[in-house]
Amino acid sequence: MASLWNKIERMSPVAMAFVAASVGAALYAGTLGHGFVFDDGVEIVRNSHIRSLSGAAELLTSTAWAGSGEENHLYRPLTMLSYAFNYAVSGLNPWSYHLVNIALHAAVSALVVGLGIAWGLTRSAALAAALLFAIHPVHVEAVANVAGRKELLSALFVLLALRAHRRAAFVSASLLYFLAMLSKETGAVALPLMAAEQFLLRRGSSDTGDGGEASSEARYLPYAAYGAVLAVYM
C-alpha cells in the first residue's frame, strides 16, 4: 500500500486528472444506450427552441421550458443551447446527449484533482477526493439523466472560475462565473466560494504575484466585478 501511495505522489497532476476523468467516463459509459426520461421530454424532445441553431436568440430570451409550450421561472440558456448543438448533430437520437454528459462529468472530476492540490492536499489525497467525486452515487441523476446537464455545466464553470480567480485572471473568472449561472442559477455559489478560498485559505488572488501581499483595494476589487456580473444575471 505504501508503495502505491508513493507512486501516486510521483504522478503529475495531468496524469492524475486523466485517471479521474477516465474513471468518471467509464462509470457512465453504459448510458450511451439509454433513451430520454423524466424532464428530458419537456427540455429536449418537445422543445422546438432547440431544433435550429439559428433560433439561438429564442433560447437567450425565454425560459427553459418555453419551447415546449410550458412556462416556468427557470433561465438556463447555456444549457438549452448545448441541447441545440446536440440536436444539430444527432437530432433526437439520445446517444450524443448522453455522450456530452459523460464528457462533462469526466472534465469536472479531473478539475477536482487540481482543486485538491491547490487547497493543500497531498497528491494521493487529491486523487482520492477526485475519484470519490467521480464514483459518488449522488451524481447519477445529473449524469445519467440528460436534463441533469445543467448541474454538470454549472459545476464545470464554477471550478474553472475558481481556478481563474486563483491565478488572478479576474476577467476570465467573471466570464466563467456568468457562464456558470447561465447554465443553472446555483452557479451563483462561485462568488462565496472564491471569497472563502481567498480569505480563509489565503491562496491565489490574495497574492500580488511577486510574493508580497496585495493591497486591500486589489484584494477586494475583483468582488465588485463579480457582484456586477451577478447583478446583470439577476
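Ala168 is partly exposed, with a relative accessible area of 39%; here buried means under 20% relative accessible area, exposed over 50%, and partly exposed in between (1.4 Å probe, protein chains only). Ala168 sits in the loop between α9 (149-166) and α10 (170-183). Although Ala168 is not a glycine, its phi is positive, at about 65 degrees.

The structure is a predicted model, in which local features need pLDDT of at least 70, side-chain atom pairs count only at pLDDT 80 or more, and totals for chains, interfaces and linings use all residues. Residues are numbered from 1 along each chain as its sequence is written, and side-chain values use heavy atoms, with hydrogens and water left out.

Most residues other than glycine have a negative phi. Phe38 is not a glycine, yet it has a positive phi of about 50 degrees. Phe38 is found in the loop between α2 (13-27) and α3 (40-45). With a relative accessibility of 74%, Phe38 counts as exposed.

**Overall build**

The protein has twelve helices and zero strands. Helices (H or I, at least four residues) and strands (E, at least two) are DSSP runs, numbered from the N terminus. From the N terminus on, the elements run α-α-α-α-α-α-α-α-α-α-α-α. The radius of gyration is 19 Å, close to the 17 Å that the globule rule gives for 234 residues, so the protein is as compact as a globular protein of that length. This radius is taken over C-alpha atoms, and the globule rule is 2.2 Å times the number of residues to the power 0.38. Along its principal axes, the C-alpha trace spans about 55 × 50 × 25 Å.

Buried residues make up 44% of the 234 residues. The accessible surface comes to about 11,400 Å², and 68% of it belongs to carbon and sulfur atoms; the areas come from the Shrake-Rupley method with a 1.4 Å probe, and for residues only the protein chains shown count as cover. Among contacts (heavy atoms within 4.5 Å) with a separation of 6 or more, residues 24 or more positions apart account for 71%.

**Charges and salt bridges**

The protein has 15 positive and 15 negative side chains, and the centres of the two sets lie 9 Å apart. Lys and Arg count as positive and Asp and Glu as negative, while His and the chain ends are not counted. The place of a charge is taken as NZ of Lys, CZ of Arg, CG of Asp or CD of Glu.

Side chains of opposite charge can pair when their charged atoms come close. A salt bridge is a side-chain nitrogen of Lys or Arg within 4 Å of a carboxyl oxygen of Asp or Glu. By this rule the protein has five salt bridges, including those in the table.

| Pair | N to O distance |
|---|---|
| Lys150 and Glu43 | 3.3 Å |
| Glu70 and Arg46 | 3.8 Å |
| Arg76 and Glu185 | 2.7 Å |

Lys150 meets Glu43 in a salt bridge. Lys150 lies in helix α9 and Glu43 in helix α3, so the pair ties together parts that are 107 residues apart in sequence. Lys150 is buried at 10% relative accessibility, and Glu43 is buried at 2%.

Glu70 meets Arg46 in a salt bridge. Glu70 is in the loop between α4 (56-60) and α5 (77-90) and Arg46 in the loop between α3 and α4, 24 residues apart. Glu70 is partly exposed at 34% relative accessibility, as is Arg46 at 47%.

Arg76 meets Glu185 in a salt bridge. Arg76 lies in the loop between α4 and α5 and Glu185 in the loop between α10 and α11 (190-200), so this pair ties together parts that are 109 residues apart in sequence. Arg76 is buried, with a relative accessible area of 7%, whereas Glu185 is partly exposed, at 30%.
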